[in-house]
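Here's a walk through this structure for anyone meeting it for the first time. Have a look, then read on.

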Amino acid sequence: MVFALGSAFFAALTALLGKLGVAGLNSNLATLIRTVVILAVTAALISWRGEWQRPGAIGFSSWIYLVLSGVATGLSWLCYYRALQLGPVSKVAPVDKLSVVLAIMFGVLFLGETLTWPVAIGGLLIAAGSVVIIAF
């Protein structure tokens with residue numbers, strides 16, 4: 001839960017700082033700069049903690065899923081930064097959070113996760129909140 005809350009906090013900072021950073025800059029270049037910084041920070045953390053592994057020790061399916069996840073992340077960031085460039089962060093960030101609703105649906109459909117009432121209601125509330133923000 002601590003890491004999930006940390007993720008939410010840093011995602012909010014990402015929206016704010018990204019909106020400020022993309023002003024007057026090509027959104028694709030802004031995404032590249034952000035990606036290089038993420039690469040450097042992550043490499044530093046892995047080095048500091050001694051967590052490097054030989055690439056050959058990583059399973060083939062892990063490589064495939066991680067590469068596809070990286071492609072999806074890159075496309076998401078490119079869309080997100082362009083949206084931030086074109087619209088207010090107060091509308092872009094909540095619409096982006098529809099990813100939570102999609103993740104719930106994907107988890108149920110593709111991973112066989114159980115849809116509980118609290119998760120279903122929470123997902124519907126997130127979707128409803130995004131619709132209200134978009135519409136008004």
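Helix α5 (residues 98-111) and helix α6 (residues 117-135) pack against each other at an angle of about 145 degrees, their axes 8 Å apart. Axes here are lines fitted to C-alpha atoms, for helices over the stretch in contact, and angles run from 0 to 180 degrees between N-to-C directions. On the α5 side, the contact (heavy atoms within 4.5 Å) is made by Leu-98, Val-100, Val-101 and Ile-104, and α6 brings in Val-119, Gly-123, Ile-126, Ala-127 and Ser-130.

This is a predicted model, where local features need pLDDT of at least 70, side-chain atom pairs count only at pLDDT 80 or more, and totals for chains, interfaces and linings use all residues. Residues are numbered from 1 along each chain as its sequence is written, and side-chain values use heavy atoms, with hydrogens and water left out.

Zooming out, the protein has six helices and zero strands; helices (H or I, at least four residues) and strands (E, at least two) are DSSP runs, numbered from the N terminus. Its C-alpha trace spans about 50 × 45 × 25 Å along the principal axes.

So what about burial? Of the 136 residues, 15% are buried. Buried means under 20% relative accessible area, exposed over 50%, and partly exposed in between (1.4 Å probe, protein chains only). Take Ile-33, which sits in helix α2 (residues 27-49): Ile-33 counts as partly exposed because its relative accessibility is 45%.
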